Amino acid sequence: MAPPPSYTISPLAVLPGHTERAWHIAWNPTRPLLASCSADKTVRMYAYTPACKFTHVSTIATGHTKAVRALAWALSGRTLATASFDSNIGVWEQEPNGEADGEGTEGGEWECASQLEGHETECKSVAYSSTGTLLASCSRDKTVWIWEVHPDADFECMGVLMDHSQDVKCVVWHPTEEILASASYDDTIKLYIDDPSDDWFCFATLTGHTSTVWSLAFSPDGRYLASGSDDRTVRVWKRVSAQELRWECVLVLDGHERSVYSVSWSVGVAEEGNKSLGWLASTGGDGAIRVWAFSEPEGEEMAGSSIAPPEHRLIASIGSAHGVYDVNAVAWCPRDGHTDLLASAGDDGATRVWRVGVA
Amino acid sequence: MAFSGALTLTDLNDFITPSQACIKPVEQLNPNKPEEKDPGAAATEIQIDRSGAYYEVTQESKSITNGTPAPAKKLEQAQINLNDCLACSGCITSAESVLITLQSHTEVLTFLEENEKNRGRIPVISSTPDVAPVAESYKVPVISIAPQSLASLAAAVAASPSTSTSEHPTPLQIMRRIRAFCVEVLGFECVFDTTFARHIALQEHIAEFEERWRAATEGGSDVASTGTGAGDSAKGLPMLASACPGWICYAEKAHAEMLPFISRTKSPQQVMGTLVKNWMGARWGKLPNEIYHVTVMMCYDKKLEASRTDFYSDIYSTRDVDCVITTGELELLMKEKSWDITQPVPGELDLIEPPLTSRGAFDPFGNLKSTAPRTISTSTDVKSLKTEVAPIHFPELLTHPGTSSGSYLHAIIAHLQATSPVPLALRVQTVRGADYEEFMLSKDTGTSGEEGEVVFKGAKCYGFRNLQNVVRRVGRERGVRTTSGAAGRLGGRAGAGGGVAARLRRRAAEGKEEKKERAYDYVEVMACPGGCVNGGGQLKPVIAPADASPAPTPPPPPPVVDEEGYKRDWEGSGVAMTLPPTTNGTGVVDVTQNARWGSKEWTRRVEEEYWRIPFIEVENRLADGLTGRIYDDLCGFGDEIERAETRRRYFRTEYRAVENEVIGLAVVW
């Protein structure tokens, strides 16, 4: 067997502009657009060419009175949601720019189409479900809210979940099913589904982290969930079987020297010959970005075991990604042909774009 | 912040929880703070003595060891009372368990014990009501019980193993048993239920709806201004129900823009407070502060409601309701006093008792038993006291068809149907489950299958989730927005003439040529899913009577302890339970849903019990007569304006937005 290829994380672009720390970034799923948000209350949009040349195209002065903590694009790529410490969720759409509602990256002004109130204190995260019909948000008020997305930027509250005992840091949706996961300062991860005859409810609590869980990411096939924690580890949880709603911790990844603030899991660039489960990027207070490649467990007996950990290999890492500053978020680009692009946001206010490729 | 016992047992998924931190300590100012001195001047430190009192000691004086101890200044301890809680924006909720102890069943017992010592010191029935109140004088203890609490107790009795399921007692029987307990064991003079107070509240509610309706139709689309809570801020439709204190508290703290729409009519509890302290008091020759009024409620937030300044009399330094205990606390009282609620009391099956032969609690007017020997035969406790006022029968357990949360919406619908010049047909439409339904009244066209003009649209909306949507909807329909912080600014952009939202709305209007839907005229809002029968103060579910003791307190499931030591009663809160690893996994969802089903099933049973309150025609007829008489008694026979003004004072209240500025002050990211 050939030795596994070695990879590097090489810088592609440095996108300064925020006057305070950059909290989060989000790649538009359909258009060549990258959005970043910051404690300076703005959202910045960058367009990129097929050759990955990034240019700043617009800035939304959101009107949020406190930091914009997180971003999420709707499936269509036409709507962006912002989660702010001012306790509100903003929903933004672009004015058509005279020309055909188009593929153009330019387009008109981004306008607030709707806002979702309800959280009592700082919103920490926001996420659209895979079908785009649901929006979830979470807050320091310990609650997770689920909203149904209606036409014309209207929303209906579907549930207020009060299962966490502390600040909820992150919400993510399962890539194919309507399963919601949340991570909290109470060290736990909670999973929720909709009871068709009733309301949304928490069906599982994943315990194991010994400190705040900051970030979550489902694997692209939805069978695994990665969590990054203040305990400096990344845990990987596996669904016991497709029929069941039980998840077990199968892997604990060490390596980060400080809190893990963000994880992102994407299809990566598949290697030949193994059943790839994609690439997981993690970052945090140590300023490092680490990338693991995952594949199906090898061997007869392991493959048969429902809780066999996936094969995993640290394929690349880089330190001081934002100089001496903390890195708050990493995100893989979801668009075909660009799945090797990774963006990061740091306390230096900058957004950086990286390419992970064979050395 | 832990929930108090009973609250954790119901379907927490949809309750309003306390916020992360009470802001009160942040706001606390130290009145004893010494003058600022030069830098480098003596520092002070805080010492705590054995009794827990705090002292401020200057280090300078401490260091001088000349024999005299340093002058230690005793510091005030920060105290938080229910009123602080109401005025605070730190929490959205109200169910702080610490504060609840201020209005607890032990508080009731302590009072009754002390009060008993004062019995006889002062003539019980004062013939001169003008006499200034004497401190520590005997107070007439009165207790009023909510019908939802009776339903909860009835359901628990039905589920207890010592009760045959075929013939379990009705809420009326439960009422009689509780009355016997409260009179014989606790020493209450009078035991009422709150349904007659609700009867009055419903009349007032209808009157207020008519006022708003008239104003809205005459004055065009009179949109309420985002009121400040000042005098005439109550206006506009829809009118939103006001009986749920959880909703009121939430609206005052989080949705000030809704306050103008909230009905000013007092809740049944507070109407009962007015009746007991003012009307009955006057008949008994008692000042408001010579009566101690306890209510038994389905809801912890009723404690906060009773604590509102609006229901406090400065003149008499007394509240309309002195103490509120929950259904669970009443049950605890009975257990502590070894009273078996499953056992019948004599006469409990009588539908109605003749006024003069009823027990003191039942017909108290002029018949206070306090001067009678303390030997009570509960069935025929004929009071032989001389009566100065003609006895009045106080109606018992009135029924109001509609919802188990008070039938506010149905009372208005029935009124509209009864007073409409043309027949009105009612159509009910489910929006989301039984907790969110719309009720449309339309002019009867005479032809089946054809709906006439919709003249009224109401909704019943229970639970925090549905409440969110109603608030959003009413805000949209009536063009009011929250004015707080960024919400206002974002909203301003979203709602302004330009912008995506406005354009989207225009597009929708043009595209669909949609029939303009009628906006809500009335919404019966309750914060609890399932409404008041599922209130936070109700008894725990008794689902499996097989191994349960008569008292419905199944052993709590082993608490799940997480890494930081947070204990959570997952099963009890009706949410997820972690299965033991040995369990075959397919059971996970089932078990989870069983737990959830359990609490829903229990609510259904309590609801069923609620509707077993028998309809007694004569009671309802008496109620209407008495209502008019009470208006006359309380409001006098002055001119119309004067009467109306007095009536408002007795039966209506006000709301105030709680400013939300402190949030985030002490937050470190």
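Modeller: Before we start, "buried" here means a relative accessible area under 20%. Also, keep in mind that this is a predicted model.

Colleague: Okay, then is B:Cys323 buried or exposed?

Modeller: The cut-off for buried is under 20%. B:Cys323 has a relative accessible area of 1%, so B:Cys323 counts as buried.

Colleague: Which cysteine has the sulfur closest to that of B:Cys323?

Modeller: A disulfide needs two cysteine sulfur atoms within 2.5 Å. For B:Cys323 the closest cysteine sulfur is 13 Å away, so that is too far for a bond. That closest sulfur sits in B:Cys182.

Colleague: And over in chain A, how far is the sulfur of A:Cys37 from the closest cysteine sulfur?

Modeller: A:Cys37 is buried, with a relative accessible area of 0%. Its closest cysteine sulfur belongs to A:Cys123, and it's too far for a bond. The distance is 12 Å.

Colleague: How many disulfides does the structure hold over all chains?

Modeller: The sulfurs of A:Cys37 and A:Cys123 are too far apart for a bond, and B:Cys323 is likewise too far from B:Cys182. Over all chains, the number of disulfides is zero.

Colleague: Let's look at helix 5 of chain B. How far apart are its end C-alpha atoms?

Modeller: Helix 5 runs over residues 105-118, which makes 14 residues. At 1.5 Å a residue, counting one less than the number of residues, that helix should span 20 Å. The end C-alpha atoms agree with this, at 20 Å.

Colleague: What covers the buried residues of that helix?

Modeller: Among the buried residues of helix 5 of chain B are B:Val108, B:Leu109, B:Phe111 and B:Leu112. Their cover includes elements from elsewhere in chain B: strand 4, helix 7, strand 7, strand 10 and helix 12.

Colleague: Back to chain A: which residue's backbone nitrogen lies 2.8 Å from a polar atom of the side chain of A:Ser38?

Modeller: A:Ser38 is in strand 3, residues 33-38, and is buried, with a relative accessible area of 0%. Leaving aside neighbours within four places in sequence, its contacts include A:His18, A:Trp23 and A:Val68. The backbone nitrogen at 2.8 Å belongs to A:Asp40.

Methods:
Residues are numbered from 1 along each chain as its sequence is written. Chains are lettered from A and ligands numbered from 1 in the order in which they are written. This is a predicted model: local features need pLDDT of at least 70, side-chain atom pairs count only at pLDDT 80 or more; totals for chains, interfaces and linings use all residues. Side-chain values use heavy atoms; hydrogens and water are left out. Buried means under 20% relative accessible area, exposed over 50%, partly exposed in between (1.4 Å probe, protein chains only). Helices (H or I, at least four residues) and strands (E, at least two) are DSSP runs, numbered from the N terminus. Contact means heavy atoms within 4.5 Å. A polar contact is a pair of N or O atoms within 3.5 Å; within protein, one must be able to donate a hydrogen and the other to accept it, and residues adjacent in sequence count only if both atoms are side-chain atoms.
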